[in-house]
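Visitor: I would like a close look at a single part of this model, the place where the two chains meet. Could you walk me through what is there?

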Amino acid sequence: MINRILTWLADGAHWHGDDGILRRVVEHLEYSLTALLIASLIAIPLGLYIGHTGRGRFLVVNAVGAARAIPSLGLLFLAVLWLGPKLSGDIAFLAPTGLVLVVLAIPSILSGAYAGVEGVDPAARDAAIGMGMRGTEVLRHVEFPCALPLILSGIRSAMLQIIATATIAAVVSLGGLGRFLIDGLAVRDTPQTASGAVLVAVLALIVDLVLALIQRLVVSPGLTGRYGKVSLMDAETEATSPAPALQHSV
Amino acid sequence: MNRTRFAFALTASAAMLAVASCGTSSSDPLASAGSPGQSGAGTIVVGSANFPESALLAEIYAGALSAKGVKVEKKLNIGSREAYIPALKDGSIDLIPEYTGVLDQYFNKNAKATNAAGVYAELKAAVPATLTILDKSAAEDKDAVVVTKATATRLSLKSIADLGPFAKDMTLGGPPEWKTRPTGVPGLKKVYNLEFKTFRPLDAGGPLSVQALKNGQVDAVNLFTTDPSVAANGFVILDDPKSLFAAQNVVPLITKSKVNATISAALNAISAKLDTATLGGLVKEVVVDKKDAVVVAKEFLTKNGLG
């Protein structure tokens, strides 16, 4: 079986062209990133607001928790049959798929955002207020940067779910890596189906890796402890020990 | 788990008892199974597969036979072909509505014919010795390429061949397997030399296909010829003059020893009156309008002077 998957993946003909792997990966990323962007635009401001003010927490937290239980495929068919007749062209399929992925992504991002803001060290918040910052300034300059690690991990877990679930776009005749799963299943082409599954998993891992790198870059080193513990000590040791050793050797 | 199983077993056995008691008015069902064609020589047991169209056809057969004074029993919604053909062979049922193409493939692993007459002849030769088929009807339930009425009028389309000059600007929809299946996109290319602009993978004659055609995401789509949504939306089924899709004419499959002049005359009269549009309309009454199949069958028979 593994051999047959590798053979399928190694076949150059499967990579290029209108229904090749490269095109499908691009489509898959288009659907996923669009959904992530929309979900973030909704969930991050809402999460920050709830975390900052504590208002509507009970309602939103429970509603979002319940939203996690919505079955994506069921929602997709409902949305296609309901929205489809109101829209024309590809949008009739893209909009329902986007809706499903956004609904899927919002809970993770939202809970990351409000939990992040809620969990900010009260001492830091007090200090900011003590320095004369107003509410929005506290949010912008202290709470948001401090909450960033949790916000980003919310986004990462949402993105993993989106990439895995974006395969259902193929059910409603769109592209993406799901095409290999659906088309493969339809004709009992197991190597194609399995290769599609492998590709989805690999894509999810790569995207998560990229997001992990972004997280490392944008989160303040003061929060992660990398600056204080690792970099400073490295600088110290570099400054003290290697130099004399170098002198001796010369 | 155990309790559910027990409850299920109880319901199942109750249902079996009910079925058995229906059939035991004159004789023991086991005895009738043991000596096919012997018990109740005048009684015809009509069966059907487990989908609405088959049950409806069985009701039509049953109604027509009882109108001619034949004693009829019904055992409808038995299951798939794998379940009811053995029932037919062991005498539990005597008559069932069937489709020439798929039945031919069931009995004959090397089935090759695709046009109506060819499939019928091939099937007739392949049917086991104890069974026989009567006249086929013009009604077919098979794959078809379907367009909206507006498209058909605008491009004056009657058959798949008429798509020739337009296909290159059209989007074709169908189940995902159509992309590679010999009766799908490759077949349309090979038999009709049609190359569509794009192929959009949808579902196998399901709601997605119907909606995509209705809303214009596809210009032509694969549906089944008696699909109730064809009648409900005024879709146009394109003829298949080169028999890309193997013929699937409705045909009565019956135990040979049960056939007599009255019975074959009654069933052949039905086949003579049925065509695809009529059958599609009747199926729509049952599936979309939720009318009782017995009533729909009765109305059809009365209208055609058969019942």
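Guide: Happy to! Contact here means heavy atoms within 4.5 Å. With that cut-off, 19 residues of chain A are in contact with 13 residues of chain B. Please keep in mind that this is a predicted model.

The size of an interface is often given as the accessible area lost when the parts come together. For chain A and chain B the buried area is about 1,300 Å², and carbon and sulfur atoms give 55% of that area.

The rule finds three salt bridges across the interface of chain A and chain B.

On the side of chain A that touches chain B, the elements giving two or more residues are α4 (72-83), α5 (91-118) and α8 (178-186) of chain A. Of these, α8(A) gives the most, with four residues. By type, the residues on this side of chain A divide into eleven nonpolar, four polar and four charged.

Chain B has an open sheet of five strands with mixed pairing, in the order β7-β6-β8-β5-β9. Strands β7 (198-201) and β9 (236-237) of chain B stand at the edges, each with a single partner strand, so one side of each has no neighbour in the sheet. The partner of β7(B) is β6 (171-174) of chain B: the two run parallel and are joined by four bridges. One pairing there is T171(B) with T198(B). Helix α9 (207-214) of chain B packs on the sheet, where α9(B) touches β5 (143-147) and β8 (220-224) of chain B. The direction of α9(B) makes about 145° with that of β8(B).

Notes
Residues numbered from 1 in each chain as written. Chains lettered and ligands numbered in written order. Predicted model: local features only at pLDDT ≥ 70, side-chain atom pairs only at ≥ 80, totals over all residues. Heavy atoms only, no water. Buried area = accessible area lost by both parts, 1.4 Å probe. Salt bridge = Lys/Arg side-chain N within 4 Å of Asp/Glu carboxyl O. Nonpolar A, V, L, I, M, F, W, Y, C, P; charged D, E, K, R; others polar. Pairing = 2+ DSSP bridges. Axes fitted to C-alpha atoms, helices over the stretch in contact; angles between N-to-C directions.
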